[in-house]
Amino acid sequence: MSEYQETIFSKIIAGEIPCHKLYEDEHVLSFLDIGPLSEGHTLVIPKENARYLHELSEPAAAALGAVLPRLCRAVLKVSGAESYNVLVNTGEPAGQVVMHVHVHIIPQFPDSGLKKSWKAGSLDDATAQRLSKQICAHLDE
Ligand code: 5GP
């Protein structure tokens, strides 16, 4: 588990920095992204201090997941978008800038700031069997 250091989001949770709040409960806070990729770009964060999704406790993750569909519905309705991306940048090379777990809800429009690059490879049987065996072996850790 990496060491959590105070972030802009922990300051928002503590009320030290303002945000345009959309939702709050015991475990979760949601607010508008200050640098939106499209209108309605929303952030959803756990109140638990964790840098990465894979370090989040199951109760915190469950609370985060539970509220996502409701927030997505509201963002879709208000933005008028018909599609959206839900994104968790995890680790600097993956684009994470704020080191507190956060989920982006990004309404998709032709001119939105999220451009998809998805270069699919192929999965052969031997690789699939090796990977699934190895990953499954780590699931109880
Ligand atoms: P990341 O690249 O870490 O996945 O995304 C961090 C996001 O946080 C960015 O989209 C950025 O615009 C947003 N952000 C950074 N600082 C603030 C802030 O002080 N307030 C709000 N509302 N959003 C912020």
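The ligand is surrounded by 16 residues, with Asp33, Gly95, Val97, His102 and His104 the closest. This is a predicted model. The ligand takes up the space of the largest pocket.

**Ligand contacts**
- Asp33 places a polar side-chain atom 2.5 Å from a ligand oxygen atom.
- For His102, a polar side-chain atom lies 2.7 Å from an oxygen atom of the ligand.
- His104 has a side-chain N or O atom 2.8 Å from a ligand oxygen atom.
- The ligand alone exposes 520 Å², and the protein buries 81% of that.

**Shell around the ligand**
- Helix H1 (8-13) and strand S2 (28-32) are the elements that give two or more residues to this shell.
- H1 gives the most, with 3 residues.
- By type, the shell residues are 9 nonpolar, 6 polar and 1 charged.

**Largest pocket**
- Its volume is about 340 Å³.
- The lining counts 19 residues; Phe9, Phe31, Asp33, Ile34 and Leu43 lie nearest the centre.
- At least two lining residues come from each of H1 and S2.
- H1 gives the most to this lining, with 3 residues.
- The lining divides into 12 nonpolar, 6 polar and 1 charged.

**Second largest pocket**
- This pocket has a volume of about 180 Å³.
- Its lining residues include Leu22, Leu32, Glu39, Gly40 and Thr42.
- Leu71, Ala74, Val75, Val78 and Ser79 are also among them.
- Helix H2 (residues 58-79) gives the most to this lining, with 5 residues.
- The lining comprises 6 nonpolar, 3 polar and 1 charged.

Notes
Residues numbered from 1 in each chain as written. Predicted model: local features only at pLDDT ≥ 70, side-chain atom pairs only at ≥ 80, totals over all residues. Heavy atoms only, no water. Near = heavy atom within 4 Å. Polar contact = N/O pair within 3.5 Å; in protein donor to acceptor, adjacent residues only side chain to side chain. Areas by Shrake-Rupley, 256 points an atom, 1.4 Å probe, with all protein chains shown as cover. 1 Å grid on protein atoms, 1.4 Å probe; cavity = no way out; pocket = protein on both sides within 12 Å on 5 of 7 lines; lining within 4 Å. Sits in = over half its atoms within 2 Å of the grid points. Helix = DSSP H or I, 4+ residues; strand = E, 2+ residues; numbered from the N terminus. Nonpolar A, V, L, I, M, F, W, Y, C, P; charged D, E, K, R; others polar. Points joined across faces, edges and corners; volume = space filled by probe spheres on them.
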